[in-house]
Amino acid sequence: MTQQEFLQPSWPFHTVINSTLDDELGTCDFNFDDDTSDYSLTSNLSYLFSNEMTPFPPCDDELQAMMNEFSMELGNFESVFSDKVKDFGTSFDNSEGSLSLLSQVSSPSTPTKSSEASMDSTVTFLGEDMEIDNQLGVLHLLQAYGEAVEKEQRELADVIIRCLSDKASPAGEILERLAYNLSPDFEKKGDYLMQESRKNFEAAFKAFYQIFPYGRFAHFAANSAILESIPDDAEHVHIVDFDMGEGIQWPSMIEAMARQNRTLRLTSVKIEDSEFARVPRQWSFEETRKQLCDYARDFGLKLKVEEMDFEELVWEMKRKKKGCSKEWSVFNCIVELPHMGRSRSRKHVIEFLQVAKEMLCRSRGIVTLGDGDACEKVIGSSGFGSFFEGYLEHYQAVLESMKTSFPTQLAGARMAMECLFVAPYISSHGWLQKWEEIRQGYHLQAGFGLEKCEVSKGFLMEAKELMKGESSYEVTIGGQSKNEIILEWRGTPLVRVSAWRS
């Protein structure tokens, strides 16, 4: 299939121009005063599989209309949270022990709690703006925290992170919001914001996926690589998906397979990853399967959707006749994208890719890998301090890219989206776990012993065309064999997608 054929209206670049969120969300309840603690998806998820496409970014009028609708659906989000947000700062114990610990921070520019005047003096050259002072102070404290953890000064690190709580806020500037998610306050008070935001999950998910390019870019790149790789003689396509979630990647593939008169089988890998998943899964497999099967039925496609754990998958794949010429196997691994709302262990990703490599030694197929994490950028870090700063830079870029797409009057809507789709990836404990995984060799640059699929010039041009009109984003090619396509925001990689084939 050519790129032009694949870009026919109906892959998941959903349009919001011809219908309002009110019409599409149907029975969604957006009452923030509801005291219900349990959340579940109750309305029809068919809105995820829209048959129309709009390029990124939406024009100003379209974006404003979309966000106005979303803001109205959120109701009195900001008024409900205003008092809570004001109280989110916590008092810091100004004991002599704490002061002496902070004085151990090696960087001469790192602020201490001895007095506010001392911190102000370090930023005199920036002027008298107290907001700038606070931002610089937060940055220095974050850097000092990373250095303290690297030097295994646990008590000092605890004191610094508690000091950050004084300056952190979920409604502050970007560094303050990063500090809030890294501070102990998030565990204590972030649950309230998360619980309230989940009551609007469907509206938030739809708006997030439509407005921001992270998920759409990754799905477009992976699906394009898959469709280009399928040989003409393949009658059956079997896709093994590492993290199917809501299944939003696959409607366009369903349509393509229907047009090509092929059968499609989707296998979702079942993995328990509670160590890294700070947010419970919003989508049940049964719900996703029903939606995908209903969608396939509308196009007359024979579709099978199933779920397997690693052991079942290996056993099933080994049962297949070696070198079966009628089937094309796809191992798809998309991880750490904001709309997914949960982090995954690098160890499990590597295990999945190893299974894929082993299986493709027995059959024909392709591996697609999409990664929205900072891990691959910071692999060469000399210590946790530089690793930590790399993650700060990555998620600062994510938050800044979101901010540019939001009118200032819709801060409540932005807060809800950040809480649902960015906060789960910002965790001092989670980042330390990832650092340990990298030290143990669990990273994604080792390759698979398969043939790398070089990104074609035509595909690069199509991807750039999708991002046309947004100067802050750039699409580039990377990887030693030019098999990686990258979405960057002002020079910072946000999403990487690559492919290998047997």
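**Thr267**

I started with Thr267, which counts as buried because its relative accessibility is 1%. The cut-off for buried is under 20%. The model is a predicted one, and I read every value with that in mind. Thr267 sits in strand E2. I then listed what Thr267 touches, leaving aside neighbours within four places in sequence. The contacts are His238, Ile239, Val240, Asp241, Met244, Glu306 and Met308. His238, Ile239, Val240 and Asp241 fall within strand E1, residues 236–241. That sent me to E1 next.

**Strand E1 and its partners**

How much of E1 is buried? I found 5 of its 6 residues buried, so I noted the strand as mostly covered. I looked at both pairings of E1. With E2, residues 263–269, E1 runs parallel, and 6 bridges join the two. Within that pairing, Ile239 has Leu266 of E2 as its bridge partner.

**Arg344**

I moved past E4 along the chain. Arg344 lies in the loop between E4 and helix H16 (346–360). Is Arg344 buried or exposed? At 7% relative accessibility, it counts as buried. I checked what its side chain meets, and found a polar contact of 2.9 Å with the side chain of Asp243. I also took the spacing to Asp373: 29 residues apart in sequence, and 10.0 Å apart in space from C-alpha to C-alpha.

Asn261 counts as exposed, because its relative accessible area is 70%.

Glu152 is in the loop between helix H7 (130–150) and helix H8 (154–167). Glu152 also has a positive phi of about 60°, and it is not a glycine. Its relative accessibility is 73%, so I logged Glu152 as exposed.

**Helices H11 and H12**

I turned to a helix pair. H11 (residues 201–211) and H12 (residues 214–229) pack at an angle of about 65°, and their axes are 6 Å apart. Which residues make the contact? From H11 I listed Phe208, Tyr209, Gln210 and Ile211. From H12 I listed Tyr214, Gly215, Arg216 and His219. By type, the residues of this contact are 4 nonpolar, 3 polar and 1 charged. I then checked cover: 11 of the 11 residues of H11 are buried. Among them are Glu202 and Lys206.

Helix H9, residues 174–182, has 9 of its 9 residues buried, so the rest of the structure largely encloses it. The buried residues of H9 include Glu176, Arg177 and Asn181.

Helix H18, residues 411–421, came next. It is largely enclosed by the rest of the structure, because 10 of its 11 residues are buried. Buried residues of H18 include Arg414, Glu418 and Cys419.

**The E7–E8 hairpin**

I looked at strands E7 (residues 473–478) and E8 (residues 484–489). They run antiparallel, joined by 6 bridges. Gly478 stands opposite Glu484 of E8. The two strands form a hairpin with 5 residues between them. In the turn, Gly479 has a positive phi of about 85°.

**Whole chain**

I finished with the totals. How many helices and strands does the protein have? I noted 20 helices and 9 strands. Of the 502 residues in the protein, 59% are buried. I also looked at the contacts with a separation of 6 or more: residues 24 or more positions apart account for 80% of them.

Technical notes. Residues numbered from 1 in each chain as written. Heavy atoms only, no water. Buried < 20%, exposed > 50% of the residue type's maximum accessible area, 1.4 Å probe, protein only. Helix = DSSP H or I, 4+ residues; strand = E, 2+ residues; numbered from the N terminus. Pairing = 2+ DSSP bridges. Axes fitted to C-alpha atoms, helices over the stretch in contact; angles between N-to-C directions. Contact = heavy atoms within 4.5 Å. Nonpolar A, V, L, I, M, F, W, Y, C, P; charged D, E, K, R; others polar. Polar contact = N/O pair within 3.5 Å; in protein donor to acceptor, adjacent residues only side chain to side chain.
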